[in-house]
Amino acid sequence: MPEVMLLVGSKSDIPAAKPVLETLSRFEVSCAAAVVSAHRAPERLQRTVREAEAAGTKVFVAGAGMAAALPGAVASLTRRPVVGLPLASGALNGMDSLLAIAQMPPGVPVATVAINGAANAAYLAIEILALGDVALGERLARWREEQSSRVDAFE
Ligand code: RP5
């Protein structure tokens, strides 16, 4: 049962979204992934979210560029947490996606990370899952401690 579902709006988004999978895998968090465009295939998106929920997905991570409807559309279809990942593409280089993803109406939130902030999208998903998973919380705490000691090291 994948705990996280990563969705991206286009095949062209895959390279920028890869750190989501790499980070989750380092923390032993299972993740399914699919390319589904909110604008080009809205019915398939609806099916994908329903099936992922039925399979036990707890957190969705949705990455998209340009008008970036995907994360908000996913949030409209589920009450589980959605992390939105704005991706740099097109004439506005991700500013358009950042604003489209962050500016959700009250009641349908998307937790938005930085443009191309794929690793943080995964860390946010990990923090959410760690609320109900002691072992994952311990892995996260250990990693945070390692990170702190690296900041202090004069290398
Ligand atoms: C968005 O438009 C996608 O998420 C992608 O970032 C961008 C361009 O998509 P393609 O034309 O490369 O499929 O919906």
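**Strands, helices and crossovers**

Analyst: Happy to. One crossover to begin with: S3, helix H3 (residues 70-77) and S4 form a β-α-β unit that is right-handed. From S4 the chain then passes through H4 to S5, and this β-α-β crossover is right-handed too. Keep in mind that this is a predicted model.

User: Good to know. What about S1, H1 and S2, what do they make?

Analyst: A right-handed β-α-β unit.

User: And in which order do the strands sit in the sheet?

Analyst: The order is S2-S1-S3-S4-S5, with five strands forming an open sheet and parallel pairing. S2 and strand S5 (111-112) are the edge strands, each pairing on one side only.

User: How many bridges join S3 to S4?

Analyst: Six, with the two strands running parallel. If you want a residue pair to look at, Val61 stands opposite Val83 in S4.

User: And how many between S4 and S5?

Analyst: Two bridges, again in the parallel sense. There, Gly84 is opposite Thr112 in S5.

User: OK, now the S1 side. What does S1 pair with?

Analyst: S1 pairs with S2 in the parallel sense over five bridges, and five bridges also join S1 to S3, likewise parallel. On the S2 side, Leu6 has Ala33 as its bridge partner. Towards S3, Leu7 stands opposite Ala62.

User: Back to S4. Is that strand mostly covered or mostly open?

Analyst: Mostly covered: six of its six residues are buried. That goes for both faces, with Val82, Gly84 and Pro86 buried on one side and Val83, Leu85 and Leu87 buried on the other.

User: Which helices pack there?

Analyst: H1 is one of them, lying across S1, S2, S3 and S4 and running at about 170 degrees to S1. Helix H4 (residues 95-102) also packs on the sheet, where H4 touches S3, S4 and S5. The direction of H4 makes about 160 degrees with that of S4.

User: Let's zoom in on H1. How many residues does it have, and how far does it reach?

Analyst: H1 covers residues 14-26, which is 13 residues, and reaches 18 Å from its first C-alpha to its last. That is close to the 18 Å expected at 1.5 Å a residue.

User: Which of its residues are buried?

Analyst: Ala17, Val20, Thr23 and Leu24 are buried in H1. Seen down the axis of H1, the buried residues fall within an arc of 100 degrees, so they line one face of the helix. On the other side, Pro15 and Ser25 are exposed.

User: What covers that buried face?

Analyst: The cover for the buried residues of H1 includes strand S1 (4-8), strand S2 (31-35), strand S3 (59-65) and strand S4 (82-87), along with helix H5 (118-130).

User: Changing topic: where does Thr48 lie?

Analyst: Thr48 is in helix H2 (residues 42-54).

User: Why does Thr48 count as buried?

Analyst: Its relative accessibility is 15%, and buried means under 20%, so Thr48 counts as buried.

User: What does Thr48 touch?

Analyst: Leaving aside residues up to four places away in sequence, Thr48 touches Met5, Leu7 and Val36. Leu7 has come up already, as the residue opposite Ala62 in S3.

User: Great, thanks for the tour!

Terms used:
Residues numbered from 1 in each chain as written. Predicted model: local features only at pLDDT ≥ 70, side-chain atom pairs only at ≥ 80, totals over all residues. Heavy atoms only, no water. Helix = DSSP H or I, 4+ residues; strand = E, 2+ residues; numbered from the N terminus. Expected span 1.5 Å × (residues − 1). Buried < 20%, exposed > 50% of the residue type's maximum accessible area, 1.4 Å probe, protein only. Arc of directions from axis to C-beta. Contact = heavy atoms within 4.5 Å. Pairing = 2+ DSSP bridges. Right-handed = clockwise from strand over helix to strand, strands pointing away. Axes fitted to C-alpha atoms, helices over the stretch in contact; angles between N-to-C directions.
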